[in-house]
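Below is a short report on a structure.

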Amino acid sequence: MKVIILGAGELGRYIGKKLSADRKHEVILVDIKSEIDETIEALPVIGDGASVRKLKEAGAENADLLLALSGNEDTNALACHIAKKLGIKRTICRIFSDKDNMFPEANGLYPKDFGIDEVLYSVTETVDAIDYVLENEVLVNYIPLRHKDAKIVVINKMPINSEITGYKLKDLAGKLNNMRIAAVVRDGELIVPDGDTQLKTGDRIYVAGMANDARRFVNWLFNEGSKPISNVVVAGASKVSEELMKRLRKRKCDLKLICSNQEMSKQAIEVPEGVITLSGDVRDTEIMNEACINGCDVFIALDRHDEVNIISCLLAKKYGAKKVIALTSKNEYIDILPVIDQMGCRINSTQILASRVFQMLDEGPYCLLPRELNDAGARLGEFQLTDGSDSFVGKCLRECKFPPQLQIALIVRDDGVHPSNGDLELKSGDFLYAIAKPETIEKFSKMI
Amino acid sequence: MNWKNVMGLVSLHVLVISFAMMLTTILGGTCFADPSQSIRTFVFVSIGGTLAGACGILMSGVRRPLHFNISLREGFLSVFLAWCIAVLLGALPFFVEARFTFADAIFESASGLSTTGASVVESEMRLRGGGVLNNGLEGLSKSLLFWRSLLNWIGGIGFVSFVMMIFPILGGGKPLYDAEVPGIKNTGDQLTPRIRDTTMILMFFYIGLTAVACGTYWLFGMDWFDAVCHALATIATGGFSTHSNSFAYFENSKLEWAATFFMLASACNFMLAIRLFMKRENPFKDSEFRAFVRTAVACSLLFASMIVIHFSKLNMLGVREVDVDFETALRTAAFQVASIMSTTGFATSDYVGWNLKGVSMIILLLMVFGGCAGSTAGGFKFVRLELMVKQCICELRRRIFPHMVPDIRLGGKSLKMPVVAQAMAFMVVYTVTILASTLILSFMQIDLETALSASVSAISNVGPGLGKISPACTWGFFPPAAKLLLSFVMIAGRLELFTVFVVLLPRFWYAR
């Protein structure tokens, strides 16, 4: 497939790298800046992506796909429009506004009119991701899967005295009903759980299931009394923080925003009513104390600079924030700081958006696994059953012979998401997900 | 300063007042059947004024199309001058016709144009040359009574609207509009891109509301003359009545309820009503409107319950006494509250005569608060009050969060700090003016309660006050100097102080 990627920023480079690494796709990277990453196997085109000449130069006339991922939504939309006229087959456009502002159906504005086949609502997606992990103290991350609703959520450190510590998993069947525990990492070692596995305090566990069920399950487990978060400190002025604050204000959260005066005027965001805005550097102790960081439920760092976010999160944790969330965009930073795992969750906007794009493209599991899973030598396996996989299709899970140390966590099928269940009959076209050691995954993929 | 521009603009205003006089002449000669000598002045002044205005416009060198390139200073100065000249012209009929003394004539005219509605006309009023007016208001000719109401009505919406209506080709009137229309400058208030179109919509609304009020009054039992005069005075929130006993003269509860409604309606932001009609927007979304209505309802109920508790018989204006039932109490309370809050100044009962100190204090406060911005009402305006409260809360919070970015909102929108600062400055100027006026009045041997309430009543364009200027009394007893001072305060209050005081600023007169 011939893919034109517009915008060689974090997201564009990341997707470009993944697509070109496959050897199935030709990637053309269009950017206005001349410093396009040399490590990507792609044809660089320097220039304005929203110009006819440059798009022609990039070969839009006979390309299959345009990914307009630059940081400017106007450029993206215009490029899609032009490319569609030039005859490109499919376009995906990154938009920063929300749907109601950009394509309100009530006013008859459809993406199709702009030559856009699919829209990547960048801000909305990121805010959704933050929102998802916001409510619960132990829920720190999730692994998005092919199906939009299917997720593997990560629980950071089983608390002491949890309902399920000490029990064997097979005794918990009733409580886990729609969930499966896909993996447990204990002291840096991967444990592929079976019925006899016991959960212990301090384990990091991976729960697979439908997004909403998973969250409900986690809330039920760890949020005794289930007091909703009420006190949030947000750092950094950006579209993401604006959108997030709007949502939190609707839930009657007490919000404080820390950002510098310059950022405030530069970003021109509309701070919702009732938010207390403190102007200053978020890395400043004085400001942190002024924002009552030691009493807050969640601290969310949404500055444009990853470094600021990471540092401020560390500080906030030190000053006593119950939960901290750092938004990062650079992939390089995802895994270099083991401390971040200690302190809470970090949302990587690039990965969230990339996995959404891959979901749209229906391409394999490109999502990176959390660092500690990688360290424990685990991989996430995604397997599609075809008509040829005789030893599985048409059989119940119980009858199937899986390799040892492989536990199917989820089955995604056209009609939805199913947690693995001994009585479930496999069909051709099903996607199976499992977390296991690489060699086990390899072994299994050969069996299919 | 382009003096020709100023002269042209002032001339336009003179034309407006001349046309108004012409209207009075015509009506006086035909409908009211006044004797010809009593409309003499109107004839002379209207003809003279029209000629002078026309000459002024011609001499100012403005040719068609009438487009003034008005600077801010010229806008302020011409509005200020125009109001002064209008007061003088408006006083002429009282001075020449009814033989009022100079101070009385000026006071009556200023009180009319500023929509204050405080009158010096009383029975046994001393006239120029030693004469005495015997029957008070009832002793004046119908043309003069109509003229008083018309002054109210013109002053209510302001000259600029009339100027723009009569001379639709006038362009570039924004500085005039800003100098004359009360309220804070909020971006949401302009309906159309052209200020003239906005003014036109407002004007039609104003005329329409007046017509509806007039029809309602007539339907509920006033004769045509009273209905027209009272409608003009109600919608302008002026408060000049054609009878000494104001609304109590009619002894008609339906009329009182209708007047209560129209007074409150004209004290609300006209833009809200226009939006309600044009775009079906709910006015209750507006915080100022909510605060205004809540205050009105709360005060009415409070006064009504106090009346019910304290009185079995209630004195209405005149010598009439009525039995107190709940409807009477509520009606009387609501009428006085609406009259004070809208800064109209009609009355049915003398609240000072109730001798309830709490009521008097609340009345004084309501006088200060006034109505809503963008209406014909005077006073401090609820929206400014809201701003000040929010600013105070913001400053208090800043004690806890020293780095807080101040965020004052109106209708969900952040306000720029200069707007807030302007409201604060307005409060200071407002208070200082009241205090200064009270001080000067005190030196004229006027008791504190009367002096203070007269100053507040004048600056807020209410009409009645406390003490010796209760609704049952007139302002006739003030010494001439006090009358002139209060006339100035009334005009300053109508033009929301800044327009007047900016002219007194030395910087204003520097060429640079």
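At what angle do the axes of α16(B) and helix α17 (residues 448–459) of chain B cross, and within what distance do they come? The axes cross at roughly 140° and come within 8 Å. That makes α16(B) oblique to α17(B). The crossing of α16(B) and α17(B) is right-handed.

This is a predicted model: local features need pLDDT of at least 70, side-chain atom pairs count only at pLDDT 80 or more, and totals for chains, interfaces and linings use all residues. Residues are numbered from 1 along each chain as its sequence is written, chains are lettered from A and ligands numbered from 1 in the order in which they are written, and side-chain values use heavy atoms, with hydrogens and water left out.

Some terms come before the details. Helices (H or I, at least four residues) and strands (E, at least two) are DSSP runs, numbered from the N terminus. Axes are lines fitted to C-alpha atoms, for helices over the stretch in contact, and angles run from 0 to 180 degrees between N-to-C directions. Angles under 35 degrees count as roughly parallel, over 145 as roughly antiparallel, 65 to 115 as roughly perpendicular and the rest as oblique. A crossing is left-handed if the near helix is turned anticlockwise from the far one by less than a right angle, and right-handed if clockwise. Contact means heavy atoms within 4.5 Å.

On the α16(B) side, the residues in contact include B:Y430, B:I434 and B:L441. Their partners in α17(B) include B:L448, B:L452 and B:I459.

Helix α12 (residues 287–310) of chain B packs against helix α13 (residues 326–341) of chain B at about 135°, with the axes 8 Å apart. α12(B) and α13(B) are therefore oblique to each other. They cross in a right-handed sense. From α12(B), the contact residues include B:F292, B:C299, B:F303 and B:I307. From α13(B), they include B:F326, B:L330, B:V337 and B:M341.

**Aromatic rings**

Rings of Phe, Tyr and Trp (its six-membered ring) pair if their centres lie within 6.5 Å; planes under 30 degrees apart count as stacked, over 60 as edge-to-face and the rest as tilted. Over all chains, the whole structure holds 33 aromatic pairs. Two of the pairs are tabulated here.

| Pair | Centre distance | Plane angle | Class |
|---|---|---|---|
| B:F426 and B:F498 | 5.7 Å | 90° | edge-to-face |
| B:F488 and B:F501 | 6.5 Å | 70° | edge-to-face |

B:F426 lies in helix α16 (residues 417–443) of chain B and B:F498 in helix α19 (residues 498–501) of chain B, so this pair ties together parts 72 residues apart in sequence. B:F488 belongs to helix α18 (residues 480–494) of chain B and B:F501 to helix α19 of chain B, 13 residues apart.

Buried means under 20% relative accessible area, exposed over 50%, partly exposed in between (1.4 Å probe, protein chains only). B:F426 is buried at 2%. B:F498 is partly exposed at 28%. B:F488 is partly exposed at 35%, and B:F501 is partly exposed at 25%.

Ring pairs also join residues into a cluster, among them B:Y217, B:F247, B:F261 and B:F346.

A charge sits over a ring if NZ of Lys or CZ of Arg is within 6 Å of the ring centre and within 35 degrees of the ring normal. The charged end of B:R128 sits over the ring of B:F95, 4.0 Å from its centre. B:R148 places its charged end over the ring of B:F240, 3.9 Å from the centre.

**Loop residues in chain B**

B:W354 is in the loop between α13 and α14 (357–369) of chain B. B:W354 is buried, at 5% relative accessibility. Beyond its neighbours within four places in sequence, its contacts include B:I307, B:F311, B:Q336 and B:V359.

B:N355 lies in the loop between α13 and α14 of chain B. B:N355 is exposed, at 54% relative accessibility. Its phi is positive, near 60°, in a residue other than glycine.

B:E251 also has a positive phi, about 45°, although it is not a glycine. B:E251 is in the loop between α9 (224–235) and α10 (253–266) of chain B. At 53% relative accessibility, B:E251 is exposed.

**Chain A**

Chain A has 14 helices and 21 strands. Of its 448 residues, 56% count as buried.
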